[in-house]
Amino acid sequence: DIWEANSRSTAYTPHPCSEAGFTKCEGTTCGDNAAGERYLGICDKDGCDYNNHRMGDTSFFGKGQDFTIDSSKPLTVVTQFVTHDNTDKGDLSEIKRFYV
């Protein structure tokens, strides 16, 4: 999830997979919820989100001038995916988020 947000909170949630590249899955490989196989798939269904408020920075994002990012004003969100070798083909090593 590249950006989950409302006027009071923001988060991004990577869902890492055990297979590299694009993969089409079916049934158990996808983590079939209906069959009770949610956690048997190749990807982390729940993910590991980063939410500034939950991480302790309660004044980072919200409505008004008391917040570092004032969500009542227009903004542009930039998400940067950095690889270990700084190429388009490298393994993901970092996710950076900028608000401009």
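How many nonpolar, polar and charged residues does the lining of the largest pocket have? In this predicted model, the lining of the largest pocket comprises 13 nonpolar, 8 polar and 6 charged residues. The volume of this pocket was computed as about 890 Å³, and of the 27 residues that line the pocket, those closest to its centre are His15, Pro16, Cys17, Gly21 and Leu92. Two strands contribute to the lining, in that strand S6 (77-83) and strand S7 (92-99) each supply at least two of its residues.

A search of the whole structure for cavities of 30 Å³ or more returned 1, and the volume of the largest cavity is about 40 Å³. The largest cavity is lined by Arg8, Ser9, Thr10, Asn51, Asn52, His53, Asp57, Phe60 and Phe61, a set that divides by class into 2 nonpolar, 5 polar and 2 charged residues.

Side chains of opposite charge can pair when their charged atoms come close, and 2 salt bridges were identified in the structure. In one of them, the side chains of Arg38 and Asp46 meet at 2.7 Å, taken from N to O; Arg38 is partly exposed, with a relative accessible area of 26%, and Asp46 is likewise classed as partly exposed, at 40% relative accessibility. A salt bridge also joins the side chains of Arg54 and Asp49, with an N to O distance of 2.2 Å. Here Arg54 is exposed, its relative accessible area being 58%, whereas Asp49 counts as partly exposed at 27% relative accessibility.

Notes
Residues numbered from 1 in each chain as written. Predicted model: local features only at pLDDT ≥ 70, side-chain atom pairs only at ≥ 80, totals over all residues. Heavy atoms only, no water. 1 Å grid on protein atoms, 1.4 Å probe; cavity = no way out; pocket = protein on both sides within 12 Å on 5 of 7 lines; lining within 4 Å. Points joined across faces, edges and corners; volume = space filled by probe spheres on them. Nonpolar A, V, L, I, M, F, W, Y, C, P; charged D, E, K, R; others polar. Helix = DSSP H or I, 4+ residues; strand = E, 2+ residues; numbered from the N terminus. Salt bridge = Lys/Arg side-chain N within 4 Å of Asp/Glu carboxyl O. Buried < 20%, exposed > 50% of the residue type's maximum accessible area, 1.4 Å probe, protein only.
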